[in-house]
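Here is a briefing on one protein model.

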Amino acid sequence: MQRAIVGFHQDAEGDWVAELTCGHQRHVRHRPPLFPEPWVLDAEGRRTRVGTPLECRLCDQGGEAACFASLVCPDCGVVLDGSPHRPGCPSA
């Protein structure tokens, strides 16, 4: 199930973890060729991914959600922290 990214943090090993609107978390790693995610390596790359969808395997398995949906626009996926909505968003 696709869930929007609301933020990132690093785990104890220094790997980046995406925080999702459902309350779950998912590691995002740049480990080519299986995990080609170069955007995770720098702050700007991670910032550009906030609000974009990412597959949540725990939701697919029926995992309980600690919902952060109220923090994300349901129409354009932008984090509602004062950021402008994406162009064409009906909620803008």
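How many bridges join β2 to β3? Four bridges do, and the two strands run antiparallel. The model is predicted, so local features need pLDDT of at least 70 and side-chain atom pairs count only at pLDDT 80 or more, while totals for chains, interfaces and linings use all residues. Residues are numbered from 1 along each chain as its sequence is written, and side-chain values use heavy atoms, with hydrogens and water left out.

**Sheet**

- Four strands make an open sheet in the order β3-β2-β1-β4, with antiparallel pairing. Strands are DSSP runs (E, at least two residues), numbered from the N terminus. Two strands pair if DSSP finds at least two bridges between them.
- β3 and β4 (53–55) stand at the edges. Each has a single partner strand, so one side of each lacks a neighbour in the sheet.
- Neighbouring strands are turned by 55° against each other on average, direction ignored. Axes are lines fitted to C-alpha atoms, and angles run from 0 to 180 degrees between N-to-C directions.

**Strand pairs and hairpins**

- β1 (residues 2–10) and β2 (residues 16–20) pair in the antiparallel sense over five bridges. His9 has Val17 in β2 as its bridge partner, and Ile5 stands opposite Leu20 in β2.
- These strands, β1 and β2, form a hairpin with five residues between them. Gly14 in the turn has a positive phi of about 90°.
- β2 and β3 also form a hairpin, with four residues between the strands. There Gly23 takes a positive phi near 100°.
- Across that strand pair, Ala18 stands opposite Arg26 in β3.

**Ring contacts**

- The charged end of Arg46 sits over the ring of Trp16, 3.6 Å from its centre. The rule asks for NZ of Lys or CZ of Arg within 6 Å of the ring centre and within 35 degrees of the ring normal.

**Largest pocket**

- The largest pocket has a volume of about 160 Å³. A volume is the space filled by probe spheres set on the grid points, which are joined across faces, edges and corners.
- A pocket is an open set of points on a 1 Å grid over the protein atoms alone, where a 1.4 Å probe fits, with protein on both sides within 12 Å along at least five of seven lines; lining residues have an atom within 4 Å of a point.
- Its lining includes Arg26, His27, Val28, Phe35, Leu54 and Arg57.
- Strand β3 (residues 25–28) gives the largest share of this lining, three residues.
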